[in-house]
Amino acid sequence: MTTQAWYLDSSEEFLHEPHLTQPPHYLTTQQVLDRSGVRLTKIENCDNEEKQARIQQEGGFRYYDWLEISRDAMPDFDERLKKFHTEHLHEDDEIRLITAGSGFFEIRDFQDRWIRLHLTKGDLIHLPAGIYHRLTLDSSNYVKMLRLFTEQPQWKAVNRPEGDKTPAREAYLHSVPALRQ
């Protein structure tokens, strides 16, 4: 099964709902890559430690940590979820492997429209440095992910519009082929 992706409607209510445009505008993983530079891969047996170690080694990821987002796992759940859903970018690539649960990653395409990705167990997402994105949970209210890094993570989120002035944003805009035409 492939990752589900679609253009997001404009409603900011009930964020855990799908929020499909009417009519729905679904995207393939190739269209997501072409329109944003975000790579999506499905990983079988993603909860296998040997498989996770192989992904780390093959990808050159020297650092990793785990993030579990749920009311039980986070004492400041509502505050953290609000922060995750604030539009931001990072100066480094963001690589995540969903190992349990599910949630929505939202990314901006090259025309500045929101694409919503419904990530479930086995989805590996690679967001390039400089892309605006945000995260929220779906109705399951639970997701666990392995976060992978090539360098020691800096964890500095730069919110919009301040992110427009960063070297990572400039590099990202020049890396998306559709923006150069």
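Buried means under 20% relative accessible area, with a 1.4 Å probe and protein chains only. Helices (H or I, at least four residues) and strands (E, at least two) are DSSP runs, numbered from the N terminus. This is a predicted model: local features need pLDDT of at least 70, side-chain atom pairs count only at pLDDT 80 or more, and totals for chains, interfaces and linings use all residues. Residues are numbered from 1 along each chain as its sequence is written, and side-chain values use heavy atoms, without hydrogens and water.

Start at helix α4, residues 167–175. Its buried residues are Ala168, Arg169 and Tyr172. They sit on the same side of α4, because they cover an arc of only 95° around the axis, taken from the directions from the helix axis to the C-beta atoms. Their cover includes α1 (29–36), β5 and β6.

Now the pockets. On a 1 Å grid over the protein atoms alone, a pocket is an open set of points where a 1.4 Å probe fits, with protein on both sides within 12 Å along at least five of seven lines; lining residues have an atom within 4 Å of a point. A volume is the space filled by probe spheres set on the points, which are joined across faces, edges and corners.

The largest pocket has a volume of about 350 Å³. It is lined by 17 residues, and Phe84, His88, His90, Trp155 and Ala157 lie nearest its centre. Elements giving two or more residues to this lining include α3 (77–84), β5 (88–90) and β6 (94–108).

The second largest pocket holds about 240 Å³. Asp92, Asp93, Phe149, Pro153 and Gln154 are the closest to its centre among 17 lining residues. β6 gives the largest share of that lining, 3 residues.

Key. Buried means under 20% relative accessible area, exposed over 50%, partly exposed in between (1.4 Å probe, protein chains only). Contact means heavy atoms within 4.5 Å.
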